[in-house]
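User: I have a structure open and want to go through its side-chain pairings and packing. Can you take my questions as they come?

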Amino acid sequence: MTIATRRKVLVAALGLSLVAGGASAGWFGLGGSDDTGRVFTGIVEGVAVGGYDPVAYFTEKKPVKGSPAITATHAGAEWRFASEANREAFLAEPAKYAPAFGGYCSWAVAQGKLAKGDPQNWDIVDGRLYLNYNDNIQTKWRADVPGFISRAQKTWPGLAAK
């Protein structure tokens, strides 16, 4: 078993024990693209987050277009970055920066459905990036973020397997 595989097994076991113990799901960050390997790439074919830099949401607090010249491959998708420093930060900790639920609309995942996540409709909650379909859906999402995250974490494994 490789170190990466052992780490994933350990993280999965920790996550299950925290869920069983009633810990806040947002705290340990289940639901990201690393959990299943499924990443939404429908806005720009084959490109995650519609070509936006996932690190910039955290560092610049806004969506920033990534450059086609500064990329990395992760979870079967191309990721674009506004700077080499952002690409290096992402490669060092992809689970920290990749959007939850593979970049699909977090509210839709909570409803048991897959829909595009729009890079312009985003929130960072407990250190995780969440995308939503549009302004209207984001308003619904914000009405009960913890509840939707909890429900989405339950439905995501089944949806990601489709």
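This is a predicted model: local features need pLDDT of at least 70, side-chain atom pairs count only at pLDDT 80 or more; totals for chains, interfaces and linings use all residues.

User: What does arginine 87 form a salt bridge with, and how far apart are the closest N and O atoms?

Analyst: One partner is glutamate 88, with the closest N and O atoms 3.8 Å apart. Arginine 87 also meets the side chain of glutamate 84 in a salt bridge, at 2.4 Å from N to O.

User: Where do glutamate 84 and arginine 87 lie?

Analyst: Both are in helix H5, which covers residues 84-92. They are three residues apart, about one turn of the helix.

User: How many salt bridges does the count come to?

Analyst: Six. Another one of them links aspartate 118 and lysine 116, whose closest N and O atoms are 3.5 Å apart. Aspartate 118 is buried, with a relative accessible area of 18%, while lysine 116 is partly exposed at 27%.

User: OK, switching to rings. How many aromatic pairs does the structure hold?

Analyst: Eleven. One of them is tryptophan 107 with phenylalanine 148, an edge-to-face pair with 6.4 Å between centres and 65 degrees between the planes.

User: Which parts does that pair tie together?

Analyst: Tryptophan 107 is in helix H7 (residues 106-110) and phenylalanine 148 is in helix H9, so the pair ties together parts 41 residues apart in sequence. Both tryptophan 107 and phenylalanine 148 are buried.

User: What about tyrosine 130 and tryptophan 141, how are their rings placed?

Analyst: Their centres are 5.4 Å apart and their planes are at 40 degrees, so the pair is tilted. Tyrosine 130 belongs to strand S4 (residues 128-132) and tryptophan 141 to helix H8, so this pair ties together parts that are eleven residues apart in sequence.

User: Buried or exposed, those two?

Analyst: Buried. Tyrosine 130 has a relative accessible area of 0%, and tryptophan 141 is also at 0%.

User: Which residues form the aromatic cluster?

Analyst: Phe40, Phe101, Tyr104, Trp107, Tyr130, Trp141, Phe148 and Trp156 form one aromatic cluster.

User: H8 and H9 have both come up. At what angle do they pack?

Analyst: About 100 degrees, with the axes 7 Å apart. H8 runs over residues 135-142 and H9 over residues 145-160. Angles of 65 to 115 degrees count as roughly perpendicular, and H8 and H9 are therefore roughly perpendicular to each other.

User: Which residues make the contact?

Analyst: On the H8 side, Lys140, Trp141 and Arg142; on the H9 side, Val145, Phe148 and Ile149. By type, the contact divides into four nonpolar, no polar and two charged residues.

User: Last topic, the whole chain. What does the secondary structure come to?

Analyst: Nine helices and four strands. Along the sequence the pattern is α-α-α-α-β-β-α-α-α-β-β-α-α.

User: How many of the residues count as buried?

Analyst: 46% of the 162 residues in the protein chain.

User: And what share of the contacts comes from residues 24 or more positions apart?

Analyst: Among contacts with a separation of 6 or more, residues 24 or more positions apart account for 58%.

How values were computed
Residues are numbered from 1 along each chain as its sequence is written. Side-chain values use heavy atoms; hydrogens and water are left out. Axes are lines fitted to C-alpha atoms, for helices over the stretch in contact, and angles run from 0 to 180 degrees between N-to-C directions. Helices (H or I, at least four residues) and strands (E, at least two) are DSSP runs, numbered from the N terminus. Angles under 35 degrees count as roughly parallel, over 145 as roughly antiparallel, 65 to 115 as roughly perpendicular and the rest as oblique. Contact means heavy atoms within 4.5 Å. Ala, Val, Leu, Ile, Met, Phe, Trp, Tyr, Cys and Pro count as nonpolar, Asp, Glu, Lys and Arg as charged, and the others, Gly among them, as polar. A salt bridge is a side-chain nitrogen of Lys or Arg within 4 Å of a carboxyl oxygen of Asp or Glu. Buried means under 20% relative accessible area, exposed over 50%, partly exposed in between (1.4 Å probe, protein chains only). Rings of Phe, Tyr and Trp (its six-membered ring) pair if their centres lie within 6.5 Å; planes under 30 degrees apart count as stacked, over 60 as edge-to-face and the rest as tilted.
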